[in-house]
Amino acid sequence: MHFGQRHLWLRCLLHVESVAWAAERKDVLSAFFGLLALLCYARYAANDKGYRSPAYWLALVFFACGLMSKPMLVTLPFILLLLDYWPLQRSKVPMLRRLLIEKIPFFLLTAASCVVTYRAQKTGAVRSLVDVPLPYRLDNAVVTVVAYLGKLFWPTHLAVIYPMPHYIPPVIFFAALTVLIVITVVAWLVRKKAPFLLFGWLWFLGTLVPVIGLVKVGDAAMADRYMYIPSIGIFVAIAFGAQKFSRGLPKFIPPAAAAFVLVPLACVTERQLEYWRDDETLFKHAMEVTTDNVDAIINYGVALEYVGKPMEAMAQYQHAERIAPDSYMACADLGNLDVYMGKPQDALEQYQRAVQINPKSRTLRDGLGSVLDTLGHFDEATNEFYQAMSLDPESASPHLYLGIALAAHNDFAAATNEFSEAMRLAPTDPSPLVEWAKALLQQGRDADALNELHQALQLDPDNFQTLAFIAHVLAADEHPGVRDGSSALAFAQKASAQTGGAQPLVEDVLAMAQAETGQFADAQNTVSNAIQLATAAGMKPQTIADMQGRWALYQKHEPWRESFLLSKSAK
């Protein structure tokens, strides 16, 4: 890779997302394998040994690895043809047939990757032509390409989520189309004197094809991470163009010009990285630099909820609902928050509305069923769970929620079957083991329940909900043989650290563990903090009253004792 191109690529602000976002490191891995494939192909072309060359097969292997990392590389066979044009200069007429034949294995991998990706996405992420008509997709594709180009040269107002525009004015579309036509014509006219311009421009356009919305996946208009590979083409054109046009200039000018560009880029890249320090900062920034960004608003609400700011989170969900009344996610998140705050009837209204908007969502059916079960509508709840199973037979969650409902109605045998099925479908998910443990506790099988909870922790040692629940049992169980104060305290402290001390129910459990180990002054302070958090969160009065009762016990230097039987009692 050319020196100038490499430094531009490394310092491009649009690449921050691919590097800072752990889930998108697959961009980096995919690009790594893609570049290895290109290097091997160049070696194969230079040696001209035909299919006997190991470099050819290595290029194919690296291409396959890149596709498995992320299918963004599906256009690599076309890049290979571009390399044949320049700089390899193999695109003479007598060689065209050979060039196409040698790409057949690469095109077959591309076709297989496209089929697999589409089948994986079509269950929910791929938008139909009814939802997003073809004319809109074509208009948006043209505008999006120019938008990517603009952000590459003037990287401002970068966001983790860009909302789809409701309407693209004709003047915007024709202006964008004119830009594309002009650049293409210029690159074509100077192709003999500056072939790198046509090469770089076609690389940019070709590698963007999978992500400009012709096949619409999700609700985002564009994403910075999609520029990780396409930007290479533009930087190739810039780097080789600068090299060509700087000939004859004094030697100090090219490095000085490079420093003039690269140093500010490095500084603003560092600033962009600051927005990725936590979800709250990231999505708040996205809201600030975009307009009516419903997805960013909802995610900002989720981030606020996670750090113990439920009232602020509710305001964000309501804001999202006002902007997009047909947003089932806003309804579902409001419903979840209502459940957390002890308002199941309000949660029911939100979930019923969400299901009405999106009746084919398995997740919404699960949520509605859980709320119905909480309100005592067992038959209606099970009907929702069975509908969720029919929508997604491979999902574990409907079986999990049905098992919870069955256990609450004393049908432990049927509940065990559902938990077992959930574990079969999601063997790495600790939730079925935790809920099975709760069912065992309801039957008085406390020791067996602890075994299941320990297995759940082995699957996910950092799950704060599992940590808090096992700490609860070990600190408060009425059977002395089950209690283990020191272990309870260790688990509760870890859960509190995981949540930053912002979850009232976790802090309540920490106070139980402190009291069990004789730290009554600490227990009083901790449960007082839990009461304040619960009050601020608008949790139901009975939950707060229970915490206040425990505070009174700790004042008397008495620990909390609890029965986990189905008809639970505490003292």
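**View 1. Leu391 of this predicted model is partly exposed, with a relative accessible area of 36%.** Leu391 belongs to helix α19, which covers residues 378-391. Leaving aside neighbours within four places in sequence, the contacts of Leu391 are Pro359, Lys360, Ser361, Arg362 and Arg365. Pro165 is 226 residues away from Leu391 along the chain, and 30 Å separates the C-alpha atoms of the two residues.

**View 2. A cis peptide bond between Trp86 and Pro87.** The omega angle of this bond is about 10°. Pro87 sits in the loop that runs between α5 (76-85) and α6 (96-102). For background, most peptide bonds are trans.

**View 3. His157, a residue with a positive phi.** The phi angle of His157 is about 55°, although the residue is not a glycine. Most residues other than glycine have a negative phi. His157 is located in the loop between α8 (134-153) and α9 (170-189). With a relative accessible area of 51%, His157 is exposed, because the term applies to values over 50%.

**View 4. Asn410, in the loop between α20 (397-408) and α21 (412-425).** Asn410 is not a glycine, yet has a positive phi of about 70°. The relative accessible area of Asn410 is 49%, so this residue is described as partly exposed.

Definitions and conventions:
Residues are numbered from 1 along each chain as its sequence is written. This is a predicted model: local features need pLDDT of at least 70, side-chain atom pairs count only at pLDDT 80 or more; totals for chains, interfaces and linings use all residues. Side-chain values use heavy atoms; hydrogens and water are left out. Helices (H or I, at least four residues) and strands (E, at least two) are DSSP runs, numbered from the N terminus. Buried means under 20% relative accessible area, exposed over 50%, partly exposed in between (1.4 Å probe, protein chains only). Contact means heavy atoms within 4.5 Å.
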